[in-house]
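Welcome! Please take a moment to look over the sequence and the 3D structure before reading on.

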Amino acid sequence: MNRPLRFTLFTFMFLFGFIGLLIGVPVMKISMIVLAVLMGVLADFIDNLKDRPFQQYNELHGHYKK
């Protein structure tokens, strides 16, 4: 993942979480925090895609276990 996309996703994740904490309506608060967590999981998944081809070597040497 390139740096601008990574920082954009993490910025939106932070903003959704922060806005979720500031909003007084409980349903909106929970939905914004859940949205922030989902964006964090998506950003982490996209960021780890570059390491997928090398996981087989980590398994071979015992550094990574499924």
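This is a predicted model: local features need pLDDT of at least 70, side-chain atom pairs count only at pLDDT 80 or more; totals for chains, interfaces and linings use all residues.

Helix α1 covers residues 3-22 and helix α2 covers residues 26-48, and their axes come within 7 Å. Two aromatic pairs are counted.

**How α1 and α2 meet**

- The axes of α1 and α2 cross at roughly 165°. Angles over 145 degrees count as roughly antiparallel, and that makes α1 roughly antiparallel to α2.
- The crossing in which α1 passes α2 is left-handed.
- On the α1 side, the residues that meet α2 include Arg 6, Leu 9, Phe 10, Phe 12, Met 13 and Phe 16. Gly 17, Ile 19, Gly 20 and Leu 21 of α1 also take part.
- On the α2 side, the partners include Lys 29, Met 32, Ile 33, Leu 35 and Ala 36. Met 39, Gly 40, Ala 43, Ile 46 and Asp 47 of α2 belong to this contact too.
- What classes of residue make up the contact of α1 with α2? There are 14 nonpolar, three polar and three charged residues.

**Aromatic pairs in α1**

- A pair of aromatic rings is described by two things, the distance of the centres and the angle of the planes.
- Phe 12 and Phe 16 form a stacked pair, with 6.2 Å from centre to centre and 25° between the planes. Both residues lie in helix α1, four residues apart, which is about one turn of the helix.
- Phe 12 is partly exposed, at 41% relative accessibility. Phe 16 is also partly exposed, with a relative accessible area of 22%.
- Phe 14 and Phe 18 have ring centres 6.0 Å apart and planes at 10°. Planes under 30 degrees apart count as stacked, so this pair is stacked.
- Phe 14 and Phe 18 are four residues apart in helix α1, so about one helical turn separates them.
- Is Phe 14 buried or exposed? Phe 14 counts as exposed because its relative accessibility is 56%, and the cut-off for exposed is over 50%.
- Phe 18, its partner, is partly exposed, with a relative accessible area of 42%.

- Leu 9 is found in helix α1. Its relative accessibility is 11%, so Leu 9 counts as buried; the cut-off for buried is under 20%.
- Leu 9 and Leu 42 are 33 residues apart along the chain, and their C-alpha atoms are separated by 8.6 Å.
- Ile 46 lies in helix α2 and is partly exposed, with a relative accessible area of 25%.
- How many residues apart along the chain are Ile 46 and Arg 6? They are 40 residues apart, while 8.7 Å separates their C-alpha atoms.
- Phe 10 is found in helix α1 and is partly exposed, with a relative accessible area of 31%.
- From Phe 10 to Leu 60 there are 50 residues in sequence and 33 Å in space, C-alpha to C-alpha.

- Where is Pro 53 found? Pro 53 is in the loop between α2 and α3, and α3 spans residues 55-60.
- Pro 53 is partly exposed, and its relative accessible area is 47%.
- Pro 53 and Phe 14 are 39 residues apart along the chain, and their C-alpha atoms are separated by 30 Å.

Conventions
Residues are numbered from 1 along each chain as its sequence is written. Side-chain values use heavy atoms; hydrogens and water are left out. Axes are lines fitted to C-alpha atoms, for helices over the stretch in contact, and angles run from 0 to 180 degrees between N-to-C directions. Helices (H or I, at least four residues) and strands (E, at least two) are DSSP runs, numbered from the N terminus. Angles under 35 degrees count as roughly parallel, over 145 as roughly antiparallel, 65 to 115 as roughly perpendicular and the rest as oblique. A crossing is left-handed if the near helix is turned anticlockwise from the far one by less than a right angle, and right-handed if clockwise. Contact means heavy atoms within 4.5 Å. Ala, Val, Leu, Ile, Met, Phe, Trp, Tyr, Cys and Pro count as nonpolar, Asp, Glu, Lys and Arg as charged, and the others, Gly among them, as polar. Buried means under 20% relative accessible area, exposed over 50%, partly exposed in between (1.4 Å probe, protein chains only). Rings of Phe, Tyr and Trp (its six-membered ring) pair if their centres lie within 6.5 Å; planes under 30 degrees apart count as stacked, over 60 as edge-to-face and the rest as tilted.
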